[in-house]
Amino acid sequence: MAKFKYSALDKEGREMTGVIESTSESRARKELTAQGLTVSRLTEVAVSAEKKSAGAKKQRKPLVGTGVTSENVTIFSRQLATLLKAGLPLLRSLEVIGRQEKNPYFKDIVDSLADAVRTGNKFSDGLQQHSKVFDKLYINMARAGEAGGVLDVVLDRLATFQEKAMKTTNKVKSAMVYPVVILSVAVAIVVILMIFVVPQFQKIFQDMLNGAPMPALTQMIIDISDFMKVNYIATLGIVAGAILVIRLFFKTKVGMRVWDIAALKLPKFGDLVMKSTVARFTRTFGTLLASGVPILEALTITKGTIKNSLIVDALTRVHDRVRDGEPLATPLDQQKIFPTMVTSMVEVGEETGQLSEMLNRIADNYDEEVDNAVGGITSVIEPIMIVFLAVVVGTIVIALFLPIIQIIQKLTGG
């Protein structure tokens, strides 16, 4: 007997977790279903030594979640959907993809999926064994596709969803490239000035001023330069320590909450975060509904794909209100976190019975909005970073010129 940890929804839509003992994963799933539960996640937590030994022979170490990118999964989804639509059986399709897969780690995963299907297990059960590679969204959609006999259609939707999600993510990342480059250049220039240039000027000032005190700004820059030059290890330690403290703070509950609030409130950046989050929420939710996943389960899965805790809390309240019988649009609008256009289109989608189509249409619109938001951030960040660089370098240059003015005044008798 093995132990399996599960997450499931009961008949009233409440999320439940626990551990069940059974002879196999498929058997455990059947037992939970017989109890009236809709299983969203099932993972083995106790594996016998014999199974571990057998698994070690078949798979590379450490396989699951190692060396596999989201691009590998997206290409796999598209290829499998295409082969299934062409009429190939699932097992044959997996064998074909496995033979041509170049990533050795992902090849082992595809071969493992083929073995699961070959031994009579469901495709979704095989995916569940690699939950670090295939997330809950993927597994539940595949399970819905199997139940409805439309696995090829669901995989095609998954591939489209993943491609658009990757495109949106890349747009957001591209907005951060420019400030990072400028900041790196600024740091490099400051280090060069402080370590190599300022000490040269210090020697000149000492000779020309004959021990006279230097301006306060100049003395401060020279003191910092001396510290950086003599105590470069301590300087690196201070910088590394500051970065580490900041990172650790933002990993705490308070830090994450502060970051999530700031991410939505910052000018321009908050607009980008909201639009990219709305695009992800509506795309995920709409894809799940179109694939036949029940609305409460779809809300639970979608909530797990959102990173911002404020939006997660809002979706939790929406889930509870929908579970109590309210239409989706009403609690969604009352959270005051999503744009009015989104809640209005959701309401229209519910009234016309085309909620999934409407959600995907919202996602398409917001994908375009993300493009505009990225452009707006770039146009604002560029002058800000240039001014920042000018202030930092300008301060050092002014500090070095103040003694020169003092020397000139001394020579001219001013």
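User: What makes R78, K85, D156 and E163 a network?

Analyst: Salt bridges link R78, K85, D156 and E163 together. The term salt bridge is used because a side-chain nitrogen of Lys or Arg lies within 4 Å of a carboxyl oxygen of Asp or Glu. In general, side chains of opposite charge can pair when their charged atoms come close. One word on the background: this is a predicted model, in which local features need pLDDT of at least 70 and side-chain atom pairs count only at pLDDT 80 or more, while totals for chains, interfaces and linings use all residues. Residues are numbered from 1 along each chain as its sequence is written, and side-chain values use heavy atoms, with hydrogens and water left out.

User: How many salt bridges does the structure hold?

Analyst: There are 14 of them.

User: Why is the contact of R118 with E95 called a salt bridge?

Analyst: The closest N and O atoms of R118 and E95 are 2.8 Å apart, and the limit is 4 Å, so the pair qualifies. R118 belongs to helix 5 (residues 104–118) and E95 to helix 4 (residues 90–100), so this bridge ties together parts 23 residues apart in sequence. Helices here are DSSP runs of H or I with at least four residues, strands are E runs of at least two, and both are numbered from the N terminus.

User: What is R118 called, buried or partly exposed, and why?

Analyst: Buried means under 20% relative accessible area, exposed means over 50%, and partly exposed is in between (1.4 Å probe, protein chains only). R118 has 44%, so R118 is partly exposed. E95 has 26%, so E95 is partly exposed as well.

User: Which residues does the bridge of D367 join, and how far apart are the N and O?

Analyst: D367 meets R283, with 2.7 Å from N to O. D367 sits in helix 17 (residues 355–411) and R283 in helix 12 (residues 269–290), so the pair ties together parts that are 84 residues apart in sequence. D367 has a relative accessible area of 12%, so D367 is buried. R283 has 7%, so R283 is buried too.

User: And what about D313 and R257?

Analyst: Their side chains form a salt bridge at 2.8 Å, N to O. This pair links distant parts of the chain, with D313 in helix 14 (residues 309–323) and R257 in helix 11, 56 residues apart. D313 has 29% relative accessibility, so D313 counts as partly exposed.

User: How do you know whether the protein is a compact globule or more spread out?

Analyst: Let's begin with its make-up: the protein has 17 helices and three strands. Its radius of gyration is 29 Å, well over the 22 Å that the globule rule gives for 414 residues, so the protein is more spread out than a compact globule. That radius is taken over C-alpha atoms, and the rule is 2.2 Å times the number of residues to the power 0.38. The C-alpha atoms fill a box of roughly 100 × 55 × 40 Å along the principal axes.

User: What makes a nonpolar core?

Analyst: A nonpolar core is a set of buried Ala, Val, Leu, Ile, Met, Phe, Trp, Tyr and Cys residues joined through side-chain atoms within 4.5 Å. The largest has 66 residues, of which F76, L80, L94, F106, F123, F134 and V346 touch the most other members. Helix 12 gives the most to this core, eight residues. A second, separate core of 13 residues includes M194, I222, L400 and I407.

User: Which residues does L94 touch?

Analyst: Leaving out residues up to four places away in sequence, L94 touches F76, L80, V110, L113, A114, V117 and F123. Touching, or contact, means heavy atoms within 4.5 Å.

User: What makes the nonpolar surface patch?

Analyst: I246, F249, F250, V254, V258 and W259 make a patch of about 550 Å². Helix 10 (232–249) and helix 11 (253–265) each give two or more residues. Patches are made of residues with over 30% relative accessible area and no salt bridge, where nonpolar side chains (Val, Leu, Ile, Met, Phe, Trp, Tyr) are joined within 5 Å and like charges within 9 Å. Accessible areas come from the Shrake-Rupley method with a 1.4 Å probe, and for residues only the protein chains shown count as cover. F249 has 36% relative accessibility, so F249 counts as partly exposed.
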